Amino acid sequence: MKVEGIHHVAYRCHDAKETVEWYVKNLNMNFVLAIAEDQVPSTKEPDPYMHVFLDAGQDNVLAFFELPTKAKMGRDENTPEWVQHIAFKVKDMDTLLEYKAHLEANDVEVLGITDHSVFHSIYFFDPNGHRLELAAPDEAEKAKLDRLDQVKWQMLDEWSETKRAPKHADWMHKGEFEALD
């Protein structure tokens, strides 16, 4: 038994139409489906909602709920803004640069390009305050991921015991990567 993939991820939005239009305009996603009901199917709670679905590529679906009868949407104040985000993969660095220019031309404030060693990314917010990331693979991504794969369990075990960042992958942000033979 194994999970086959993510069917969709769902977040809340302030305005379903504004959200769909923003993702279509800024990330070139297709609007694929809308569902609106007066009762929540899983809980039977009487609560009108609009549920919209966007094509995030390769059978990945990003969905949003607009909930007009609920209190204004907030965020977890105990979690830093940079932690909770949605990251989308783009083909390559040229595509990442094109998106950066496209977003900035649409008055979206963009942070980055950030070098994460195994990939490069930009960050920005959607109109609902959700932090988004676009990530492009690094030229040596496979070799770097292989190296990280070799130490993942040791890193996790050390973190679990000490709650301090293990040094097994210091090379990532020091620019000291050397492929192993």
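User: What does H1 reach from its first C-alpha to its last, and what is expected at 1.5 Å a residue?

Analyst: H1 has 12 residues and reaches 16 Å, close to the expected 16 Å. The expected span is 1.5 Å times one less than the number of residues. This is a predicted model, in which local features need pLDDT of at least 70 and side-chain atom pairs count only at pLDDT 80 or more, while totals for chains, interfaces and linings use all residues. Residues are numbered from 1 along each chain as its sequence is written, and side-chain values use heavy atoms, with hydrogens and water left out.

User: Which residues of H1 are buried, and what puts them on the same side of H1?

Analyst: Ala 16, Thr 19, Val 20, Trp 22, Tyr 23, Asn 26 and Leu 27 are buried. They cover an arc of only 160° around the axis, so they lie on the same side of H1. The arc is that of the directions from the helix axis to the C-beta atoms.

User: What makes the pair of Asn 26 and Asn 106 a polar contact?

Analyst: The two side chains meet at 3.0 Å. A polar contact is a pair of N or O atoms within 3.5 Å; within protein, one must be able to donate a hydrogen and the other to accept it, and residues adjacent in sequence count only if both atoms are side-chain atoms.

User: What makes the largest group of 24 residues a nonpolar core?

Analyst: A nonpolar core is a set of buried Ala, Val, Leu, Ile, Met, Phe, Trp, Tyr and Cys residues joined through side-chain atoms within 4.5 Å. Those with the most contacts inside the largest core include Tyr 23, Leu 27 and Phe 88. H1 gives the most to this core, with five residues.

User: How do you know that E2 and E3 pair?

Analyst: Two strands pair if DSSP finds at least two bridges between them. E2 (residues 30-39) and E3 have eight bridges in the antiparallel sense, so they meet this definition.

Conventions
Buried means under 20% relative accessible area, exposed over 50%, partly exposed in between (1.4 Å probe, protein chains only). Helices (H or I, at least four residues) and strands (E, at least two) are DSSP runs, numbered from the N terminus.
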